[in-house]
Every structure is written in C-alpha cells, then in structure tokens.
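Welcome! Have a look at the fold below, and then we will walk through a helix, a sheet and a helix crossing.

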Amino acid sequence: MTNIMEIENLKTYFYTEAGIVKALDGVTFNIEEDVTHGLVGESGSGKTVTALSVLGIVPSPGKIVDGRVMFHGENLVEKSDKEMQKLRGNKISISFQDPSTSLNPVFTVGSQIQEVIMRHQDVTKEEAKKAVIEILETVRISEAEQRYYEYPHQFSTGMRQRIAIARALSARPEILFADEPTTALDVTIEAQVLNLMQELQKNFGMDLVMITHDMGVIAEMCKRVTVLYAGRVCETGDVRSIFHEPLHPYTTALLTSVPSVLGRIKRLAVIPGTIPDLIYPPPGCRFHPRCTFAKDICKQEMPDAVEIKKGHKSACIRIDEIKGELLSRLKQAREEMESE
Ligand SMILES: Nc1ncnc2c1ncn2[C@@H]1O[C@H](COP(=O)(O)OP(=O)(O)O)[C@@H](O)[C@H]1O
Ligand SMILES: [Mg+2]
C-alpha cells in the first residue's frame, strides 16, 4: 500500500492568554492511497485542528510548532502561504462541519462555486457556469439552473452541506477532508449525504478523510481509521481489525457507547468523565484519568502508538495484559445492544 500522506509527530499549539493549548501534541498517522480514512474522537480531541494543520490554515493564536506533513515527497509544514494557497482546493480540500463557515451568505451559491472553478481551471465564465450546474446536479440539487442564482439561506441545512461539499469538490482535489459532514443533519439526510460522498469519491477518484465523532459513520464509510484523544493518537489501523479487536481502552469505550438512534433523533454517546484541559494535560497517557485499566505506569510516560498486529498500532502500554478484557467488554456490550 502506498501512502498519499504521512503525518508525523504533528504539534499544533494555541498561544492563548490562559496558557498554551496543546491541541495536537505529536500526532502521527498515514493516509493510504485509494482508501477512505476515518479520523474519530470525541469533541475537542483535535480532529478539526489536524485538518486545518494539514491545509495550513490554523487560525491565530494557533501555530504548528513541530512535525511534518509529507505529501508527494514534500513537507507541507515548510511551504510558504502562497504555495499552500495553490495546493488548497487544487490538491487538498476541506468541507467544514458548519457550511456557513465555507459559504458566504451574501453571494449566490452559483457564484461561489464558479469562483473556485475559475481559480483552479483554465475555463471561460460560460464554461465555469456550466461546470457549476453540473456539480450541483452531481450533489443532487434539483433545478440547479434556477438555484444557481439563490443564496445559501434559501437552501435547507442538508442542501447547504451538499453545496459545501460541491464547492470543495469543484477544484477536483486529490484529497478531501470532510469535517463532520453529517453531524448537523438528521439520520435520513445523513444516509443520503454519506451515500453521495461514496459515489463522488468513486467518480472523482479522490481520497477521502472522514472526520467524525461517530463510530457508526466510520463503520459505514472507512477502510482505515485513526482514533484521536486529547491531541494524541490512541490507535490506528484497519476498520475491520479495530471493530473486531480494539487495542485501546478509549476505542473500546467509543465502540461500546455507539450512539443509539431513537426515531430520527441522534443521541450522542457518553463516556464517563471529560476530555482533559489541554493547557495542563495529565502526565503520561492522556486517557489515564478516565481509563478503568489505568495503573501507575500509565501516568509516567506519554506512549506513542506502536504496531501490535500487522497494520494495527496502539498507544496503550498495558495492551498485552488487558486486551482479553477489552474483547469481553465489547462482546458483552454488543450482546446488550442486540437484546435491546
Ligand atoms: N482558536 C483556538 N484557540 C484556542 N484553542 C483552540 C482553538 N481552536 C481549537 N482549539 C483547541 O484545540 C483542541 C482541539 O480542537 P478541535 O480540533 O476543534 O477538536 P475536534 O474537531 O476533535 O472537536 C480543543 O481543545 C480546542 O479547544
Ligand atoms: Mg471539529
């Protein structure tokens, strides 16, 4: 398997008045070519900051302080703003969780996508307009020709999310980071958008990085996954391997608290405790204060993810001792869910 991107020891800190927020503190994982990669973790674990760091758009007071992002043999962290601007949209693109951050309310939807196309492709205005209508149709906006002239607020939330995806796609990126594309949507629309993303990925031949807090979305969409917690990688590997035999207590906690779908309302799962303060993170493994398996040794050093099984890495230093217990917890939780 070839990697299209290698993220190595990435550290992104926010220099706030309250102190230095260590949002990413040594994040390492690879994105393989032609494989949908999931980036999962609770809110605040560093998923969005990872994508922003890769794209070179970390907002102030944030800064990448260490690490590398290797893409086509080049380290993106070392590139100038101008070089990154060229890469963004062209080779690497992002669609944001909240489409209102990527769609400007005062311009028509059509003109906003057209602008992206004209910036990245050598086409006339007329050709660009045609391309916009095509891409709107691709994301299943009906009557695209008329709707080209409408403003973002005239569309439903689900449509706006699809338009934001269309905008991200219109530059024909090699990699698209889709940041929680369905979190704001109800479950029926969610299924539609996920199907659409799979279809687009196939048709456009691009690599997709799905950012989500939802293991269900990972199961449905991804072949590989990286689990983030408090700015560190807990586990990375094949989705199948991780769902069958998670090798980290945090992943097991995520898997045993899969959100239950009640009618059309998505309920977020809860793991006891809260994500730590990233200005004063706990010593050692960042998950240890919430981990039911933690021992003194877990407080001592910050573990990196190492290969436990082929292609499957874990950052839990006690994994050999506890993996049997993790499996039986998972089995028990699955039996309970089935009997509900
Ligand atoms: N502009 C900012 N200033 C200070 N801290 C920030 C800023 N943006 C993000 N962070 C911090 O970085 C951490 C990771 O955030 P984020 O990547 O948005 O999490 P996720 O996308 O996984 O929910 C959080 O602790 C968050 O508070
Ligand atoms: Mg986020």
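Helix α7 is mostly covered, with eleven of its 13 residues buried (20 or more other C-beta atoms, placed from the backbone, lie within 10 Å of a residue's own). This is a predicted model, in which local features need pLDDT of at least 70 and side-chain atom pairs count only at pLDDT 80 or more, while totals for chains, interfaces and linings use all residues. Residues are numbered from 1 along each chain as its sequence is written, and chains are lettered from A and ligands numbered from 1 in the order in which they are written.

**Helix α7**
- α7 covers residues 157–169 and reaches 18 Å from its first C-alpha to its last.
- Among its buried residues are Met-159, Ile-163 and Leu-169.
- The buried residues of α7 pack against several elements, including β6 (92–95), α5 (125–138) and α8 (187–204).

**The sheet**
- Four strands form an open sheet in the order β2-β1-β4-β5, with antiparallel pairing (strands pair if DSSP finds at least two bridges between them).
- β2 (19–32) and β5 (74–75) are at the edges with a single partner strand each, so one side of each lacks a neighbour in the sheet.
- Eleven bridges join β1 (residues 3–16) to β2 in the antiparallel sense.
- Thr-16 is placed opposite Gly-19 in β2.

**Where α4 meets α5**
- The axes of α4 and α5 (lines fitted to C-alpha atoms over the stretch in contact) come within 9 Å and cross at roughly 115°.
- Ile-113 and Ile-117 of α4 are among the residues making the contact, as are Val-132 and Ile-135 of α5 (C-beta atoms, placed from the backbone, within 7 Å).

Methods: Helix = DSSP H or I, 4+ residues; strand = E, 2+ residues; numbered from the N terminus. Expected span 1.5 Å × (residues − 1). Buried ≥ 20, exposed ≤ 12 C-beta atoms within 10 Å, placed from the backbone. Contact = placed C-beta atoms within 7 Å. Axes fitted to C-alpha atoms, helices over the stretch in contact; angles between N-to-C directions.
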